[in-house]
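Have the viewer open while you read.

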Amino acid sequence: MLDLSKYQSIGEALKDSLEEFANEVCLIEADREREKERLTYRDFKERAQPLAKALQESGFSPGDRASIIMTNQSKWLITAYSIFFSGGVLVPLDYKLTPEEHWQLLKHSGASVLITEHPIWRQLCAAAGRAAAANVRTVLVTEAPANADLAGAKRWEEFRGEGEQVFKPRQRKDTACIVYSSGTGGRPKGCMMTHENYLEQCVALTSIYPFWPGVRYLSILPTNHAIDFMVGFFGPFTCGATVVHLRTLRPEYVREAFPKYKITYVSLVPLVLKNLQKGLQARFDALPAGKRRIFNALLGINKALTKGRPRPGISRRLLKQVHEAFGGELRTIIVGGAFTEPQTLQFFYDLGIPVANGYGLTEAGTAITVNDLKPFRADTVGKPLPGMEVRIVNPAPDGVGEVSVRSKTVMAGYLNDPELTGEAIVGGWLMTGDLGRFDEAGHLQLSGRKKNMIVTEEGKNIYPEDIEAAFESLPVKEFCVFAANYIWPKRSMVGEKLLLVLHLEQGQQFSDQLRADINARNNRLLNYKRFHGVILLDEDFPRTASLKIKRNVLAERLAILDNSTAILPL
Amino acid sequence: MRTLEQTTQEVISLAAQHFQLAAGTLAPEDDFFKKLGIDSLQTLEMLSHIENHFGIELPDYEVQGVSDFKTLAERIQSRL
């Protein structure tokens with residue numbers, strides 16, 4: 001691994017990686033059963049440098065912002081490197097957002113360049129919002145068919161400059177990326193992540209979960225996500241490891257990829273991990289009685305032998321078939337983006353497949369704590385990573401309070417929003433809004449949220465404010481969206497739901513027509529943003545002098561209601 | 001060549017078969033996440049089943065953001 005303490009920027013470190021590991025394979029890209037691309041670090045450099053040159057020739061200067069909206073593929077990483085090489089700031093956006101949301105964030109980020117895939121560009125062109133995002137002056141589109149109407153965009157494959165490229169240095173405190181943690185519907189939260197944030201996080205994470213040449217990481221989480229950016233790009237690249245991209249996430253092709261590419265690490269969201277568990281459990285349950293007894297006996301031996309620490313060699317011999325289905329070389333599944341239930345973690349650990357369960361948020365530079373497997377604990381999110389100071393603010397008698405963090409990995413702030421930054425970072429400490437406590441072994445246990453938001457099993461952060469725009473002009477006196485756990489706090493991170501609170505006009509009934517209108521609007525939201533029920537409140541919402549709803553006060557009023565009867569299903 | 005209506009009906013039948021429901025309970029405009037009570041992964045599994053039936057490949061980006069049978073059938077129709 002490169003000694004990252006010597007580097008000032010992501011671009012500088014990546015530039016040296018491409019030299020240091022020139023002959024190693026850095027990227028494999030597969031589409032279903034077909035391998036489309038296999039690049040060494042040298043090939044990667046040869047692809048990236050003409051792009052960097054063309055970017056620079058087009059007037060892209062250090063500090064300028066460029067956004068990537070792409071699925072996981074080689075061109076994502078090649079483009080990102082070209083941006084860093086040119087001293088640019090990367091704005092990675094989630095390709096799963098709607099075109100309207102993309103334009104909104106493109107405008108907010110101030111990106112002058114957009115790099116995207118042709119199908120996404122087609123959808124962006126069909127949506128309103130381009131005119132408002134006039135800051136986007138150059139658009140590069142990958143994989144466009146020969147006769148495609150590019151609507152003013154240029155072909156990524158033909159955007160090439162010739163001659164010597166000039167590396168543009170950046171400093172550790174300069175912004176490297178603007179990562180949106182949420183806020184597409186309301187107030188965008190663009191986390192300004194510095195080069196130092198990434199360099200420090202990479203050192204901390206790889207001290208526990210190392211990469212080296214020969215390690216193969218299966219990149220499934222979108223690379224715009226903080227976890228995949230770190231463990232599916234920057235981390236493996238600075239260690240000479242290989243990243244495997246799949247162009248489809250159909251479960252059958254993901255399953256095939258493990259043995260085919262002998263995967264070492266993979267990152268998953270809890271939803272996918274649970275699905276894997278379900279599939280495996282069904283296969284175990286279907287074993288004939290005799291085989292089942294043998295399997296259970298081997299499982300028991302494995303559990304006893306790995307109680308203190310993982311012993312991959314022994315587990316792979318004892319539970320050979322299970323491990324072969326995962327390629328036989330899987331060391332750890334990294335799970336993140338949302339809370340994972342302990343029984344799922346235990347299930348995989350008992351099979352000899354440790355799950356690196358941790359806790360983090362984009363604002364903190366990915367991970368804050370991670371389970372170091374010494375020994376494995378399914379009931380906690382692990383200990384703070386090296387360099388992380390974590391403290392519990394205002395703890396209750398049981399030790400539970402708000403988790404706060406201070407570290408070199410914490411973001412510089414939210415883009416164009418000093419007010420929100422001031423609320424999030426207090427005296428140098430990032431207030432996470434999550435509740436937790438430390439146990440006697442120094443492990444962090446999470447137990448709920450203080451803030452009005454939910455995280456889905458797919459790892460999506462949903463803030464109620466972001467959904468309210470879909471209900472503008474709803475024919476009621478006023479409305480507000482809440483996370484149910486914010487109104488009725490429960491010590492749990494699972495089963496979180498959103499609720500719509502309505503205050504009807506005087507004499508107005510909750511009619512079938514109104515219900516249908518609400519349902520229609522709800523159905524237009526992405527499935528993970530939909531709410532699960534309605535609460536009727538027959539009183540004015542408390543508001544500030546500037547007429548903003550005082551959500552905390554309103555939540556207190558709602559909390560008096562009996563949640564078993566107050567929530568009307570849709 | 002199938003009409004869009006035929007494709008839509010076939011998609012509904014396949015989904016009903018995959019999740020063991022009566023096809024008559026599903027309508028073209030239905031949101032399949034809600035109606036079938038499925039998550040994004042189960043949707044991907046259903047898509048594989050549908051692809052095999054029609055003998056086509058639907059790239060993930062084509063079905064991104066699609067949540068009703070009719071729109072799904074339109075995307076399939078364009079590749080038949």
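The radius of gyration here is taken over C-alpha atoms, and the globule rule is 2.2 Å times the number of residues to the power 0.38. With 570 residues, a compact globule would come out near 25 Å, and chain A has 24 Å, which agrees. Before going further, some housekeeping: this is a predicted model, where local features need pLDDT of at least 70, side-chain atom pairs count only at pLDDT 80 or more, and totals for chains, interfaces and linings use all residues. Residues are numbered from 1 along each chain as its sequence is written, while chains are lettered from A and ligands numbered from 1 in the order in which they are written.

**The two chains**

A few terms come first. Helices (H or I, at least four residues) and strands (E, at least two) are DSSP runs, numbered from the N terminus. A residue is buried if 20 or more other C-beta atoms lie within 10 Å of its own, exposed if 12 or fewer, and partly exposed in between, with C-beta atoms placed from the backbone. Two residues are in contact if their C-beta atoms, placed from the backbone, lie within 7 Å.

| Chain | Span of the C-alpha trace along its principal axes |
|---|---|
| Chain A | about 75 × 65 × 50 Å |
| Chain B | about 30 × 25 × 20 Å |

Chain A holds 19 helices and 28 strands. Buried residues make up 49% of its 570 residues. If you take the contacts in chain A with a separation of 6 or more, 69% come from residues 24 or more positions apart.

Chain B has five helices and zero strands, so its pattern along the sequence reads α-α-α-α-α. Its radius of gyration is 11 Å, close to the 12 Å that the globule rule gives for 80 residues, so chain B is as compact as a globular protein of that length. Of those 80 residues, 22% are buried. Among contacts in chain B between residues at least 6 apart in sequence, 57% join residues at least 24 apart.

**The core**

A nonpolar core is a set of buried Ala, Val, Leu, Ile, Met, Phe, Trp, Tyr and Cys residues joined through C-beta atoms within 7 Å. The largest one has 180 residues, and the members touching the most others are Ala80(A), Leu90(A), Ile333(A), Phe482(A) and Val11(B). Click on Leu90(A): setting aside residues up to four places away in sequence, it touches Ala66(A), Ile68(A), Ala80(A), Ile83(A), Phe84(A), Ala176(A) and Cys177(A).

**Where the chains meet**

Here 16 residues of chain B are in contact with 17 residues of chain A. On the chain B side, the elements giving two or more residues are α2 (32–36), α3 (40–54) and α4 (60–63). Of these, α3(B) gives the most, with five residues. That side of chain B divides into five nonpolar, five polar and six charged residues; for this count, Ala, Val, Leu, Ile, Met, Phe, Trp, Tyr, Cys and Pro are nonpolar, Asp, Glu, Lys and Arg are charged, and the others, Gly among them, are polar.

Which residues does Pro119(A) touch, not counting residues up to four places away in sequence? They are Tyr61(B) and Glu62(B). Pro119(A) sits in helix α5 of chain A and counts as partly exposed, with 19 C-beta neighbours inside 10 Å.

Back on the chain B side, Phe54(B) lies in helix α3 of chain B. Phe54(B) has 17 C-beta neighbours inside 10 Å and counts as partly exposed. Leaving aside neighbours within four places in sequence, Phe54(B) is in contact with Ile76(B) and Leu80(B).

Three spots in chain A loops are worth a look. A cis peptide bond joins Lys374(A) and Pro375(A), with omega about 0°; Pro375(A) is in the loop between β15 (366–370) and β16 (383–384). Lys262(A) has a positive phi of about 50° although it is not a glycine, and is found in the loop between α8 (251–261) and β12 (265–268). Asn394(A), also not a glycine, has a positive phi of about 45° and lies in the loop between β17 (389–393) and β18 (401–406). Asn394(A) is exposed, with 9 other C-beta atoms within 10 Å, whereas Lys262(A) is partly exposed, with 17 C-beta neighbours inside 10 Å.
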